[in-house]
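Thanks for making the time this morning.

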Amino acid sequence: MSSPVLEVRNLVKNFGSVEAVRGIDFSIPSGICFGLLGPNGAGKTTTIEMIEGILTPTSGEILYKGRPRGRAFREEVGIQLQSTELLLLQTVLETLEVFRSLYHRRAPLDELIRICQLQDILDKDNAKISGGQKQRLLLAMALANDPDLIFLDEPTTGLDPQARRHLWDIVGGIKRSGKTLVLTTHYMEEAEILCDVIAIVDAGRIIAMGTPQELLKTYGDGTVITLATDALKDRIPDDFPWTLRRSEAGIAIHTDHPGETLKALVAMGADMNRLLVRAYNLEDLFIELTGRELRP
Ligand SMILES: Nc1ncnc2c1ncn2[C@@H]1O[C@H](COP(=O)(O)OP(=O)(O)OP(=O)(O)O)[C@@H](O)[C@H]1O
């Protein structure tokens, strides 16, 4: 079997007394989208900045195609940083051309423009493009050297839902072209849609890892019924047989027998108009594993 594109062994990063990354291990085969999912401050950016070579690890090992990172890594990797300042008086096209000229290996310009859907904004100054357009340009810049491995650090943070979905489509296309992607996000939905393998990161450690289906199977799938706290006439009895989670948003019940649970809720006088039945998802899993919400 060919060696993984990227392997990370016992990676640690301390900033003074802050233990940002506390021993992370993973291995990424070619052609997949690997996601680091976790709340703010979990250590996602620190982890990928160590791999990218922006930060020096306190300890641990990073291998690219089975070897320590060297020239090949620098030439074959594309990076979309979480925040990048663009030259405001340059146009989108000029920015792309300058960026492409920095590399020996270059993706064809028309392909970059087509993949990242920049056709309509090529003549616009960087100062005048929207958040979604800027993210698409940053993505095109990350693809400028036709990389084998691409890092995307929270590519859709701050975008409106429509721009977010647009970027998901583009990233999906890049994935289908056979590239290997590493993506960080604190959006469960984004990880579920784009990633083949997800590592859930909390407080500097990976607390669960697998395909979305494996994670849900291992840690509990089933159904979640949510309802407002005051949508029940009666009190929930102490011997209620299903897992209950209370929050400001209301009550969430995790059950493998939704029919029976619904019957029990109806018997307690539940207002059916204020009740939602949905599949258990990765956000539920995260809350069950850590006791905290994924998003702040
Ligand atoms: N340069 C630094 N100096 C000191 N502490 C830092 C530094 N960079 C990050 N940290 C701390 O390390 C921890 C992990 O931060 P990191 O940015 O890696 O998290 P993250 O999961 O990427 O969060 P976000 O989703 O907000 O980007 C946090 O407690 C953060 O405050």
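This is a predicted model: local features need pLDDT of at least 70, side-chain atom pairs count only at pLDDT 80 or more; totals for chains, interfaces and linings use all residues.

**Around the ligand**

An oxygen atom of the ligand sits 2.8 Å from a polar backbone atom of threonine 45, and I call this a polar contact, meaning a pair of N or O atoms within 3.5 Å, where within protein one must be able to donate a hydrogen and the other to accept it, and residues adjacent in sequence count only if both atoms are side-chain atoms. Residues are numbered from 1 along each chain as its sequence is written, and side-chain values use heavy atoms, with hydrogens and water left out.

Glycine 41 places a backbone N or O atom 2.7 Å from an oxygen atom of the ligand, and for alanine 42 the corresponding distance from a backbone N or O atom to a ligand oxygen is 3.0 Å. Of the 630 Å² of accessible area that the ligand has on its own, the protein covers 62%, with areas taken from the Shrake-Rupley method using a 1.4 Å probe.

How many residues surround the ligand? There are 13, and the closest are Asn40, Gly41, Thr45, Thr46 and Glu154; a residue is counted if one of its heavy atoms lies within 4 Å. Helix H1, residues 44-52, gives the most to this shell, with 3 residues, where helices are DSSP runs of H or I of at least four residues, and strands are runs of E of at least two, numbered from the N terminus.

**Glutamine 133**

Turning to helix H5, residues 131-142, we find glutamine 133, which is buried at a relative accessible area of 16%, buried being under 20%, exposed over 50% and partly exposed in between, with a 1.4 Å probe and protein chains only. The side chain of glutamine 133 reaches the backbone nitrogen of serine 130 at 2.8 Å. Apart from neighbours within four places in sequence, glutamine 133 is in contact (heavy atoms within 4.5 Å) with Leu118, Ile121 and Lys124.

**Helix H10**

Finally, in helix H10, residues 282-290, the buried residues include Leu282, Leu285 and Phe286.
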